[in-house]
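Please work through the following exercises with the sequence and the model in view. Each task is followed by a solution in steps.

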Amino acid sequence: MRLDKFLCETLGITRKQAARLLKEERVTLDGTAIKNGSLKIEEDADVEFDGVALRLSGPRYFMMNKPSGYVCSHDDAYNPTVFILLDEIGAEKLHIAGRLDGDTTGLLLLTDDGQWSHRVTSPRHKCDKTYRVWLAEPAAADTERQFASGVQLRGEKELTLPAQMERVTDDEVLLTIHEGKYHQVKRMFAAVGNKVEALHRESVGQLTLDPELEPGEYRALTEAEVASFLATK
């Protein structure tokens, strides 16, 4: 592989930008600054950019404990995005598998594997998502029954799929849904005459948010965690 192509692949930059980095002697091969972008190298070559080792990698998978106030997009004119929390080369190539609202916290999955994220988000696979919900009013006595039967959301033709609710306190519940409609949890409680005050996603599929992650922190998924979604229907 040409060195300039290697830089484009690992840094997510253009060929012109790669040529500029080489000219500035910011790229080294085996400890020596290289200016020739056409130089052929092996994919496991010892290449560094500003002292940081570069490696071609396969698909990447991360979990983040999303803090409140960050939006799930690459660019936003008014709010910080979750991508600025990532200290990863080529972070702009990652996308979110199942977005959260700006004021919602908890488990966020990021990847550059489109097929994998489809397994996570496609309604066909009915991937469970469990949220901890804090309500403005105590949940009504028949809320569990209504959610188990499906409720009518404003603007939707069909009822929601059956969902399971577990009471923690009068105004705190755990809700597990099997689809991902727009603002679904908030709209479900609005449909039964209540209001969500705060929302935190605890799990997706078999994957639960790592309790060691503070808000804004993230880590790579293990091979077993990645594979758990491939085992779903």
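The exercises below treat strand pairing, a helix contact and a loop residue.

The model is predicted, with local features requiring pLDDT of at least 70 and side-chain atom pairs pLDDT 80 or more, while totals for chains, interfaces and linings use all residues. Residues are numbered from 1 along each chain as its sequence is written, and side-chain values use heavy atoms, leaving out hydrogens and water.

**Exercise 1. The partners of β7**

Task: Determine which strands pair with β7, and in which sense.

Solution. 
Step 1. Strands (E, at least two residues) and helices (H or I, at least four) are DSSP runs numbered from the N terminus. Two strands pair if DSSP finds at least two bridges between them.

Step 2. Locate the strand. β7 spans residues 105-111, and six of its seven residues are buried, where buried means under 20% relative accessible area with a 1.4 Å probe, protein chains only.

Step 3. Take the antiparallel partners. Strand β5 (residues 61-66) is joined to β7 by six bridges, and Asn 65 lies opposite Leu 107. Strand β6 (residues 95-96) is joined to β7 by two bridges, with Ile 96 opposite Leu 110.

Step 4. Take the parallel partner. Strand β11 (residues 196-204) pairs with β7 over two bridges. Here Thr 105 faces His 200, and Gly 106 faces Arg 201.

**Exercise 2. Further partners of β11**

Task: State how many bridges join β11 to β8 and to β12.

Solution. 
Step 1. Strand β8 (residues 129-135) runs antiparallel to β11, with seven bridges between them.

Step 2. Val 204 is placed opposite Leu 207.

Step 3. Examine the turn. The hairpin of β11 and β12 has two residues between the strands, and Gly 205 takes a positive phi near 60 degrees there.

**Exercise 3. Two helices in contact**

Task: Describe how α3 packs against α6.

Solution. 
Step 1. The axes of α3 (residues 114-121) and α6 (residues 223-230) are 9 Å apart, at an angle of about 60 degrees. Axes are lines fitted to C-alpha atoms, for helices over the stretch in contact, and angles run from 0 to 180 degrees between N-to-C directions.

Step 2. List the residues in contact (heavy atoms within 4.5 Å). Trp 116, Arg 119 and Val 120 of α3 meet Val 226, Phe 229 and Leu 230 of α6.

Step 3. Sort them by class. The contact of α3 with α6 has five nonpolar, no polar and one charged residues. Ala, Val, Leu, Ile, Met, Phe, Trp, Tyr, Cys and Pro count as nonpolar, Asp, Glu, Lys and Arg as charged, and the others, Gly among them, as polar.

**Exercise 4. A loop residue**

Task: Is Asp 170 buried or exposed?

Solution. 
Step 1. Asp 170 sits in the loop between β9 (164-169) and β10 (172-177).

Step 2. Its relative accessible area is 56%. Asp 170 is therefore exposed, the limit for that class being over 50%, with partly exposed lying between the two limits.

Step 3. Not counting residues up to four places away in sequence, Asp 170 touches Pro 138 and Ala 139.
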